[in-house]
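Hi,

Here is the structure I said I would pass on.

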Amino acid sequence: MNTHHSGIGMTSQRTRARMIERLRKQGIVDEVVLGAMNAIPRHIFIEEVLANRAYDDIALPINFGQTISSPFIVARMSELLRAGSSLGKVLEIGSGCGYQTAILAQLAREVYSIERIGPLLTRARVRLRQLHLGNVRLKHADGLLGLPEFAPFDAIILTAAAAHIPSSLLGQLAVGGRMVFPKGSQEQFLCVIAHNSQGYTETILDEVRFVPMLPGILKG
């Protein structure tokens, strides 16, 4: 990894290592996820003026009313998605700045990611190319429609809050697959939907706060 990616001072590898130790103390136990978090430089996905806060456990603005989730939330959702098993084909709804996408690229064989805000998608594409991540496909589209042409997916992750999941999107989740997303509007909780041969089961977990999913509006 070059100096730009490695960073100095508050964006250095040492700072990243401290983030990993904090994540362990916060309860993240999946070492594969922690390894992915350690490998990806979070500071290149945010504005330079905020780079000294890149590894703090906070969400940060990325423009267009969107945020990059805190390291803990990224790790927690990734851990829930993996559930201790390797990931094959993953669909991400809400590429944002591309940080969660980059983490998924370390964890899965293939990552398909949808973003409705064109300028964000363009920036994400540049950053992912910087990291030479060749197993990611990005698309400018309405995330709640999914990508039926590439379904079924072994895992689906939403990075914005939704009150409910359309049946058309649920239908793109493979049997044996898992979907992780923030559920709700005013009150939000991480939700895991598992698809088995009998249907779908839903588990409600941690309280969270995400920006809302805005379907049907493509920008840029």
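**Helix 6 and what it packs on**

Helix 6 covers residues 118–130; its 13 residues reach 19 Å from the first C-alpha to the last, close to the 18 Å expected at 1.5 Å a residue (the expected span is 1.5 Å times one less than the number of residues). Helices (H or I, at least four residues) and strands (E, at least two) are DSSP runs, numbered from the N terminus.

Before I go on, the ground rules: this is a predicted model, where local features need pLDDT of at least 70 and side-chain atom pairs count only at pLDDT 80 or more, while totals for chains, interfaces and linings use all residues. Residues are numbered from 1 along each chain as its sequence is written, and side-chain values use heavy atoms, with hydrogens and water left out.

Back to helix 6: Gly118, Leu120, Leu121, Ala124, Arg127 and Leu128 are buried (buried is under 20% relative accessible area, exposed over 50%, partly exposed in between, with a 1.4 Å probe and protein chains only). Those buried residues pack against helix 5 (99–107), strand 4 (108–115) and strand 5 (136–140), where contact means heavy atoms within 4.5 Å. After the helix comes His132, with a positive phi near 55 degrees.

**Helix 4 and its partner**

Helix 4 has 12 residues and reaches 16 Å from its first C-alpha to its last, close to the 16 Å expected. Since 12 of its 12 residues are buried, helix 4 is largely enclosed by the rest of the structure. That list takes in charged side chains too, including Arg76, Glu79 and Arg82.

The axes of helix 4 (residues 71–82) and helix 5 come within 11 Å and cross at roughly 35 degrees; axes are lines fitted to C-alpha atoms, for helices over the stretch in contact, and angles run from 0 to 180 degrees between N-to-C directions. The crossing is right-handed, i.e. the near helix is turned clockwise from the far one by less than a right angle. Val74, Met77, Ser78, Leu81 and Arg82 of helix 4 meet Tyr99, Gln100, Ile103, Leu104 and Leu107 of helix 5. By class, that contact has seven nonpolar, two polar and one charged residues (Ala, Val, Leu, Ile, Met, Phe, Trp, Tyr, Cys and Pro count as nonpolar, Asp, Glu, Lys and Arg as charged, and the others, Gly among them, as polar).

Ser69 is in the loop between strand 2 (67–68) and helix 4, and counts as buried because its relative accessibility is 17%. Not counting residues up to four places away in sequence, Ser69 touches Arg42, Ile58, Ala59, Val74 and Phe210.

Pro182, in strand 7 (residues 173–184), is buried at 0% relative accessibility.

Most residues other than glycine have a negative phi, and most peptide bonds are trans. Here are some exceptions.

- Ala151 and Pro152 are joined by a cis peptide bond, with omega about 0 degrees.
- Asn63 has a positive phi near 80 degrees, and is partly exposed at 36% relative accessibility.

Cheers
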